[in-house]
Every structure is written in C-alpha cells, then in structure tokens.
Amino acid sequence: MKRFFVAVVVASLAHVAVLAEDAPAKPWTNATELGVIVTSGNSESTNFAFSNKYGYKWTNAEFLSNAGALRTESTPNAFNLDGVLVEPPKETTAESYFLDGKYRRTVTGDLFWYALAGWNRNRFQGIDSRLFGGGGIGYRFFETDRTKFSGEIGVDYTQESPVDGEDRDFAGARGFLAYEQKIGESSKFVQELEILENLDDTDDLRARSLTSIQASLNARLALKFAVRVLYDKQPATETLNDVDDLDGVAPPIVRELDELDTILTATLVINF
C-alpha cells in the first residue's frame with residue numbers, strides 16, 4: 001500500500017512538471033517550503049517548518065507576500081521511578097510565526113517606491129506580537145534574468161507586545177539589501193540584510209540576515225538550505241519565577257535574553 005501511495009505521488013508530480021513545460025508565462029509565482037524532522041528513542045521530538053512566498057507582477061509594479069511558521073517540540077520518554085510511571089511533559093523549545101506583504105511600483109527607470117506591512121511572533125525571542133507598517137524608496141542596482149541586486153530605505157511604525165513587560169510603539173528607520181543569483185532553472189543563491197533602527201531610542205537596533213541556497217531537483221521541486229540570523233541590541237527580558245507565588249517573600253528573578261538568534265532550516269520547495 002505504501003509503495004502504491006509513493007508511486008501515485010511521484011506520478012502526479014511528474015505530470016505537473018510536464019504540464020508546466022507547456023504552460024504559458026504567468027504573472028504570478030508561488031513557492032511553498034516544507035520541512036519536518038521526527039526523532040524517537042530516549043526522547044521524542046518534532047521539528048516543523050513551513051513558509052510560502054507569493055509574488056504577482058504587473059508592467060510597472062509587483063506585490064510580494066511571505067508567511068511562515070517554525071515549531072520544535074520535545075518529549076523525554078516515560079520512565080519508572082520506584083514503581084511509579086513518570087511521564088515528562090512535552091516542551092516547546094522553538095516557536096515563531098510571521099506574515100508580511102510588500103507592494104513596489106516603479107517611479108522611473110530602476111527607481112521605485114514601496115509600502116509594506118506585517119506581523120510576527122517569536123516568544124523565545126521575547127516577542128508575543130509585533131505589528132509594523134511603513135514605506136520608502138528603493139533602487140535596482142542591476143536586474144537580469146539571472147542576477148538581481150536591489151536596496152531600499154524608508155521609515156516604519158511598530159506596535160510591540162513583549163512576553164514580559166509593557167506594550168510599546170515607536171517610529172523607526174529601515175534599510176534593506178537583497179541579492180539573488182540564479183544558478184539553474186530553479187536553483188539560486190539569496191542573501192538579504194535588513195537593518196531596523198528605533199528612532200525613539202537609537203540604542204534599540206535590530207537586524208535580520210538571511211542566507212540561502214536552493215538546488216533544483218526538477219522544474220517543480222527543489223531542496224533549500226537557509227541560515228537566518230536575528231539580532232536585537234536591546235533584547236527582551238524573561239521572568240524565571242512565578243511572581244504570583246512569591247507573596248512578597250522574594251523579588252522576581254529576571255534575566256535578559258540573548259542578543260543573537262540563529263536558525264538553520266532544510267526544506268523541500270514546491271514551485272507552482
């Protein structure tokens with residue numbers, strides 16, 4: 001039965017690839033990335049990664065959207081302790097979600113303006129919810145069928161709800177660079193760098209870097225390896241004890257989270 005199921009999936013993917021070769025050029029693109037790792041033994045863990053990138057192009061404009069989720073759960077195996085079965089609780093060790101969209105329109109030549117908005121959550125970075133929106137101008141330094149390099153500069157506004165502490169909102173400045181080098185029909189190297197500065201508190205600097213390489217398996221499928229680095233000069237804090245249980249006996253124990261987060265992913269990319 002398993003062999004029959006695998007054969008059906010492979011045949012379906014091959015049929016889709018043949019249809020893609022005869023299909024006319026379309027103004028939109030969509031790539032879905034899926035990654036799942038399950039381990040068992042002394043502990044059971046599940047790593048799940050999902051993202052979807054959609055783009056639509058007009059003659060002088062384009063719309064881009066990104067959505068994604070990352071979650072890692074681990075559960076040590078149950079064991080006997082003096083005749084009592086102990087079942088350790090499931091623990092989430094990584095969790096993040098994001099959704100954003102960007103509209104770009106050409107002003108003249110390689111100069112364009114953009115508007116963006118989005119939301120993200122990364123509780124292990126101390127952020128329960130972050131909403132942002134903004135706009136600015138950009139320039140395509142060069143763009144060919146195989147190579148793209150562009151930059152953007154602008155302003156944005158952020159509303160942030162940390163896991164610990166009070167909500168805050170602030171205006172910011174944004175700089176962004178993106179480089180893409182096509183290697184094959186569906187293979188490419190991508191490097192992105194985004195710098196975000198809090199204009200209300202210039203010591204509050206954030207940065208995001210993405211480095212990825214994608215190797216095509218056929219016209220529809222590819223393997224992608226990516227390294228995402230998140231930097232926060234003023235990271236959020238975490239309360240290690242339950243303040244409600246202290247009854248004024250001891251002060252809360254608060255620690256500052258790390259400034260740097262590094263996320264490595266390996267995913268299967270399905271191009272539509």
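The secondary structure of the chain comes to one helix and 16 strands. Helices (H or I, at least four residues) and strands (E, at least two) are DSSP runs, numbered from the N terminus. The model is predicted: local features need pLDDT of at least 70, side-chain atom pairs count only at pLDDT 80 or more, and totals for chains, interfaces and linings use all residues. Residues are numbered from 1 along each chain as its sequence is written, and side-chain values use heavy atoms, with hydrogens and water left out.

Of the 272 residues in the chain, 30% count as buried. Buried means under 20% relative accessible area, exposed over 50%, and partly exposed in between (1.4 Å probe, protein chains only). Contacts were also examined by their separation in sequence. Among those between residues at least 6 apart, 50% join residues at least 24 apart. Contact here means heavy atoms within 4.5 Å.

Two strands pair if DSSP finds at least two bridges between them. Strand β10 (residues 168-182) runs antiparallel to strand β11 (residues 188-198), and eleven bridges join them. In this pairing, Y179 stands opposite Q191 of β11. Strand β11 in turn pairs with strand β12 (residues 205-216) in the antiparallel sense, over ten bridges. Here Q191 stands opposite T211 of β12. A hairpin of six residues joins β11 to β12.

The series continues with β13. Strand β12 is joined by eleven bridges to strand β13 (residues 221-232), and the two run antiparallel. The bridge partner of L210 in β13 is R228. Four residues lie between β12 and β13, which form a hairpin.

E192 lies in strand β11. It is buried, with a relative accessible area of 17%. E192 counts as buried because its 17% falls under the 20% limit. The side chains of E192 and R208 are joined by a polar contact of 3.3 Å. A polar contact is a pair of N or O atoms within 3.5 Å; within protein, one must be able to donate a hydrogen and the other to accept it, and residues adjacent in sequence count only if both atoms are side-chain atoms. Leaving out residues up to four places away in sequence, E192 touches F176, L177, A178, R208, S209 and L210.

N52 is found in strand β2. Its side chain makes a polar contact of 2.5 Å with the side chain of T32. With residues up to four places away in sequence again not counted, N52 touches N30, A31, T32, S65, N66 and A67.

The second largest pocket has a volume of about 370 Å³. Of the 22 residues that line this pocket, the closest to its centre are L70, T72, A94, I263 and L264. A pocket is an open set of points on a 1 Å grid over the protein atoms alone, where a 1.4 Å probe fits, with protein on both sides within 12 Å along at least five of seven lines; lining residues have an atom within 4 Å of a point. Grid points are joined across faces, edges and corners, and a volume is the space filled by probe spheres set on the points.

Strands β1 (28-39), β2 (43-57), β3 (61-76), β6 (91-108) and β16 (260-271) each supply at least two lining residues. The largest share, seven residues, comes from β16. By class, the lining has ten nonpolar, ten polar and two charged residues. Ala, Val, Leu, Ile, Met, Phe, Trp, Tyr, Cys and Pro count as nonpolar, Asp, Glu, Lys and Arg as charged, and the others, Gly among them, as polar.
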